[in-house]
Amino acid sequence: MQAVPVSLRSLEALRPLVGDEILQTLRELAAPLRGLRVLHVNATAFGGGVAEILATHIPLLQDLGLEAEWRVIHGDDAFFRVTKAMHNGLQGMDIPFTPEMQTIWQEGNRRNAAFLEKDYDVIFIHDPQPAGIPLLRERRGARLWIWRCHIDTSAPNPAFWSFLLPYLSAYDAAIFTMAEYVGPGFPIPQVAIIPPTIDPLSPKNAPMDPEEARSIVARFGIDVNRPLLLQVSRFDPWKDPLGVIDAYRLVKRERPEVQLALVGSMAHDDPEGWFYYDRTLRHAGEDPDLHVLHNFHGVGAWEVNAFQRVADVVIQKSLREGFGLTVTEALWKGKPVIGGRVGGIPLQVLDGETGFLVHSVEECAAKALELLAHPERARAMGERGREHVRRNFLCTRGLRDELALLRSLLGLG
């Protein structure tokens with residue numbers, strides 16, 4: 001397994017944003033855990049919300065005195081095609097899960113289990129890609145194994161779920177984003193609910209001069225003096241970029257000056273992303289006001305930050321959603337968000353207060369037109385959204401919840 005290097009971070013840098021009391025609580029929770037050997041394992045070091053969380057989480061655990069590491073599994077294209085199918089199947093997609101696919105997943109997990117040579121006190125395994133490791137290692141290598149599931153398994157495709165359940169039985173505890181996401185017959189009695197969080201000082205969320213933001217966005221051919229709709233997401237059918245394009249076209253009938261940017265990121269564990277990117281391009285057609293961009297165009301974290309700050313309305317029209325950290329990011333920047341009424345989005349988009357929840361293309365277009373027509377109301381929603389994130393979805397809250405879980409599981413009060 002490949003070790004992922006992380007930058008040094010200090011909790012003290014967060015004090016102006018979260019206050020003295022929260023930092024004191026974190027230090028008290030971490031005190032009996034100092035020296036604990038903790039490993040987090042996931043599928044990719046970049047290109048997804050889990051990687052972004054761990055890039056902050058690991059160095060902050062280290063700052064609190066834990067011996068925290070982050071490693072990513074190895075897999076070939078065939079393995080990641082299967083794990084992408086598992087991701088979709090566990091979220092309910094009606095697709096086949098053949099014996100060959102099952103063998104590819106098992107062999108990939110067996111190889112990665114063999115690569116795990118060091119011993120740890122606690123190992124966190126993220127999502128289905130490496131979920132078989134503790135069973136295949138016969139639980140050797142860690143005192144505690146914890147599975148963190150970032151997706152919605154509430155109504156899974158039975159073929160995928162029944163296959164995965166025996167492997168999940170090897171864990172001591174599990175973490176889900178929401179209680180509603182726990183799948184039927186889940187075999188682990190100890191389940192914690194910990195929603196994801198963002199780092200307010202990461203390149204994607206740090207303060208940015210407004211003129212710099214406008215300059216960055218303009219480099220991609222966007223007229224920063226005209227209204228901009230934005231969705232930041234992987235190119236994935238669950239994120240419904242085609243539906244966002246349809247909503248934009250409805251808005252454009254009444255507001256011809258409006259523009260749309262679809263900004264995504266290609267991760268090496270998501271081979272389906274390129275296929276759906278091509279499909280999105282075909283649906284977009286030849287429209288000079290419709291921009292489909294990704295990290296290979298030079299749109300990194302700092303550029304996403306700029307887009308979210310320049311946009312007039314941010315959309316997250318997901319059909320299924322784990323949590324939706326792009327919603328959190330946009331709210332943190334004081335932007336109203338129009339989101340699908342699915343997954344963790346309603347935890348963030350308080351309908352009519354921090355944005356709007358919608359079910360259809362037509363609703364999405366109508367709410368975008370409403371926000372464009374009433375910029376003062378949009379600004380007020382954005383301000384409420386930023387405060388909602390500050391109180392509930394910053395990285396210090398995620399740290400607090402994980403430290404409390406470790407203390408409980410280890411019998412440390």
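This is a predicted model: local features need pLDDT of at least 70, side-chain atom pairs count only at pLDDT 80 or more; totals for chains, interfaces and linings use all residues.

Me: How many aromatic pairs are found in the whole structure?

Reply: Rings of Phe, Tyr and Trp (its six-membered ring) pair if their centres lie within 6.5 Å; planes under 30 degrees apart count as stacked, over 60 as edge-to-face and the rest as tilted. A search of the whole structure gives 13 such pairs. One of them joins Phe 97 and Phe 163: the ring centres are 5.1 Å apart and the planes stand at 85 degrees, so this pair is edge-to-face.

Me: Why does the pair of Phe 97 and Phe 163 tie together separate parts?

Reply: Helices (H or I, at least four residues) and strands (E, at least two) are DSSP runs, numbered from the N terminus. Phe 97 lies in the loop between helix H4 (77-90) and helix H5 (99-115), whereas Phe 163 belongs to helix H7 (residues 158-168), so the pair ties together parts that are 66 residues apart in sequence. Ring pairs also link Phe 97, Trp 105, Phe 160, Phe 163 and Tyr 167 into a cluster.

Me: Are Phe 97 and Phe 163 buried or exposed?

Reply: Buried means under 20% relative accessible area, exposed over 50%, and partly exposed in between (1.4 Å probe, protein chains only). Both Phe 97 and Phe 163 are buried.

Me: Which charged end sits over the ring of Trp 238?

Reply: A charge sits over a ring if NZ of Lys or CZ of Arg is within 6 Å of the ring centre and within 35 degrees of the ring normal. For Trp 238 it is the charged end of Arg 320, 5.8 Å from the ring centre. The charged end of Lys 367 sits over the ring of Phe 356, at 4.5 Å from its centre.

Me: Where does Trp 238 lie, and what does its side chain contact?

Reply: Trp 238 is in the loop between strand E8 (228-232) and H9, and is buried with a relative accessible area of 13%. A polar contact is a pair of N or O atoms within 3.5 Å; within protein, one must be able to donate a hydrogen and the other to accept it, and residues adjacent in sequence count only if both atoms are side-chain atoms. The side chain of Trp 238 makes such a contact with the side chain of Asn 88 (2.8 Å).

Me: Which residues touch the most other members of the largest nonpolar core?

Reply: A nonpolar core is a set of buried Ala, Val, Leu, Ile, Met, Phe, Trp, Tyr and Cys residues joined through side-chain atoms within 4.5 Å. The largest has 72 residues, and Leu 66, Phe 307 and Leu 403 touch the most other members. Helix H3 (residues 49-63) gives the most to this core, with seven residues. Apart from it lies another core of 40 residues, including Phe 79 and Leu 165.

Definitions and conventions: Residues are numbered from 1 along each chain as its sequence is written. Side-chain values use heavy atoms; hydrogens and water are left out.
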